[in-house]
Amino acid sequence: MYSMLEATSLSISYDGNRIVKDVSLHVNEGEIVSIIGPNGSGKSTLLKGMSRLIPCESGRVCIAGQELSAMRSKQISQMMCILCQSNQTPADMTVEELVSYGRTPHKKWFERLTREDHEIIDWAIEQTGMTSYRKRLVVSLSGGEAQRAWIAMALAQRPKVLLLDEPTTYLDIAHQLEVLELVRSLNKELGITVIMVLHDLNQASTYSDKICVIRSGVVELVGKPSEVLTHEMIRNVYGVEAEVEFTPNSTSPRIHPIRRAVANVG
Amino acid sequence: MLVHKKATGLTIGLTFVLLILAIIVSMGLGSVQFSPVEIIKALFGHGGEVSDTILWDIRIPRVMLAAVIGINLALSGAMLQAVMNNPLADPGLTGVSSGASVAVLFILLVVPQFSSFIPFAAIIGGSLSALMVYALAWKKRGITPIRVILAGVAVNSVFGGIIGLLSLLYSDKLPGALQWLNGSLSGKGMGDLRVMLPYSVIGWIVALFCIRQANILRLGEQVALNLGESLNRVRIILSFVAVYLAAVSVSTVGMIGFVGLVVPHMARMLVGSDYKHLIPMSIGLGALVLLVADTIGRTFFAPLDIPAGIVMAVVGGPYFLYLMRKGDV
């Protein structure tokens with residue numbers, strides 16, 4: 001098991017405010033790592049910093065041993081894909097067209113798609129269960145279907161690492177699970193390393209090998225769900241009293257929030 | 001809901017057929033009328049002496065120039081719309097045309113001895129105003145559509161003021177520049193076409209090479225970055241192509257509004273927003289629209305020659321309002 005993505009002493013500022021402070025995170029090949037933390041704690045910023053979408057003030061990020069800052073953006077795109085929270089699609093773009101853009105990093109400025117590219121596009125559409133939707137307009141899809149279309153585009157990139165920023169936001173519970181199950185199957189079957197920002201602690205517990213807790217831009221805890229998701233952590237980080245239940249034969253604890261820990265707020 | 005993509009090739013083809021017909025009809029219209037047969041004969045070098053003189057010296061250069069400038073302005077608008085991710089962007093509204101105009105007018109009125117530098121001056125003026133619009137519209141790592149338009153209004157009014165000032169200060173020399181100021185093709189001949197065409201063709205070729213980049217910008221900044229595009233490089237290249245094409249047009253025929261705005265819009269309604277189709281469609285439609293506008297201008301009120309810029313403003317303005325009512329803008 002070797003290190004797939006490694007962030008070392010990463011600091012990121014936004015409009016003069018330091019959002020991410022000296023964060024180090026180590027992700028092994030084939031792992032699913034969830035980043036959790038309260039609103040405004042810097043989760044998304046960390047994810048974007050690790051994927052060079054926003055510049056880092058200091059620190060470095062390595063993918064499969066290579067430092068990002070020493071790579072061309074296109075080279076990075078051949079190994080890593082990040083899907084952000086809200087994506088715009090032109091009103092007349094079909095699923096198939098969207099997915100075909102995933103091939104861009106593998107093409108030169110004016111190179112056309114080859115048969116091999118089309119095979120990869122077909123494969124990506126199939127893997128995400130979008131075959132019957134391939135001619136549909138992306139804007140006509142439901143939230144969950146659209147998210148799957150974007151994941152298909154990500155797959156067409158053939159990444160080793162997939163970064164997802166709150167992939168389940170705005171989706172109902174069934175579609176949330178659908179997306180997370182898809183992510184898990186991509187991880188298990190294709191060996192894609194996944195790092196995602198999640199809000200739901202129970203989903204993070206169920207779907208991750210490792211959880212990273214961020215508070216105010218600092219890593220509070222990293223470890224297996226059963227080590228990280230404790231009564232104390234939830235009280236300290238979220239200010240919530242919760243019952244944490246361990247079911248036998250499961251590494252994923254269940255969290256039942258009870259009430260806010262701090263009385264008389266507001 | 002399925003999309004019908006097959007029809008786009010046909011639509012683009014029909015537009016070019018229509019363009020060729022419009023070219024032949026327009027060459028025949030004027031104080032001396034020619035039938036399509038006479039025109040085709042003259043085009044292949046079998047025309048009579050009279051028709052050769054009128055057609056080759058006057059009609060053909062004017063018609064071709066209208067088509068070339070229509071293409072330039074339409075492509076310029078399509079490129080700006082891609083870069084700014086804004087359907088309202090066009091060389092007129094973003095101040096690119098007026099920036100180029102100030103530079104050209106300065107040379108025409110103040111230092112006419114440097115008139116051979118007019119195209120370069122236009123490109124520099126256009127680039128400067130594009131930079132100003134970007135700088136003004138920039139807020140927190142991005143440009144928003146509404147700020148581009150507000151910045152365009154501001155930049156346009158500044159340059160409009162300078163144009164007014166130059167016109168007043170050098171009013172004795174103004175009549176010579178007046179036709180140009182109004183966006184007129186009147187009196188343009190083969191010489192102008194010979195200068196314009198090579199410059200323009202270079203711009204068209206570069207525009208054709210930018211199709212994929214323009215398409216990726218439609219998916220937004222973060223997706224473009226994720227796909228490994230160097231956003232700033234793509235933006236600079238596309239903007240420069242847009243400014244270049246608009247400036248080349250301005251330097252020859254002055255400001256002609258609405259072509260860059262309306263043509264890509266119409267093209268989008270007909271063939272969709274994929275630049276693979278949008279660029280060829282904008283080429284055909286841009287040539288067609290400006291050719292029709294110029295033909296109307298020179299024939300409807302003959303012997304008066306109404307500048308194409310005025311026709312476009314009178315017809316394009318209401319069309320733009322119509323688009324707004326329909327909610328497409």
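How do α5(A) and α6(A) lie to each other, roughly parallel or oblique? I started my notes there.

**Ground rules.** The model is predicted, so I kept in mind that local features need pLDDT of at least 70 and side-chain atom pairs pLDDT 80 or more, while totals for chains, interfaces and linings use all residues. Residues are numbered from 1 along each chain as written, chains are lettered from A and ligands numbered from 1 in written order, and side-chain values use heavy atoms, without hydrogens and water.

**Entry 1: α5 and α6 of chain A.** I looked up the angle between α5(A) and helix α6 (residues 173-190) of chain A, and found about 20 degrees, with the axes 9 Å apart. Axes are lines fitted to C-alpha atoms, for helices over the stretch in contact, and angles run from 0 to 180 degrees between N-to-C directions. Helices are DSSP runs (H or I, at least four residues), numbered from the N terminus. α5(A) and α6(A) are therefore roughly parallel; the term covers angles under 35 degrees, while over 145 is roughly antiparallel, 65 to 115 roughly perpendicular and the rest oblique. Contact here means heavy atoms within 4.5 Å. By class I read 7 nonpolar, 3 polar and 2 charged residues. Ala, Val, Leu, Ile, Met, Phe, Trp, Tyr, Cys and Pro count as nonpolar, Asp, Glu, Lys and Arg as charged, and the others, Gly among them, as polar.

**Entry 2: two helix pairs of chain B.** Helix α12 (residues 259-271) of chain B packs on helix α14 (residues 308-326) of chain B at about 45 degrees, with axes 10 Å apart. That makes α12(B) oblique to α14(B). Their crossing is left-handed. I saw B:Met266 and B:Phe320 among the contact residues. The classes are 9 nonpolar, 2 polar and 1 charged.

Next I took helix α3 (residues 49-83) and helix α13 (residues 275-299) of chain B, whose axes come within 7 Å and cross at roughly 135 degrees. α3(B) and α13(B) are therefore oblique too. This crossing is right-handed.

**Entry 3: a salt bridge.** I found 16 salt bridges over all chains, each a side-chain nitrogen of Lys or Arg within 4 Å of a carboxyl oxygen of Asp or Glu. One joins A:Glu96 and A:Arg134, with the closest N and O atoms 2.8 Å apart. A:Glu96 lies in helix α3 of chain A and A:Arg134 in the loop between α4 and α5 of chain A, so the pair ties together parts 38 residues apart in sequence.

**Entry 4: between the chains.** How many salt bridges cross the interface of chain B and chain A? I found 0. The contact takes 30 residues from chain B and 40 from chain A.

Conventions:
A crossing is left-handed if the near helix is turned anticlockwise from the far one by less than a right angle, and right-handed if clockwise.
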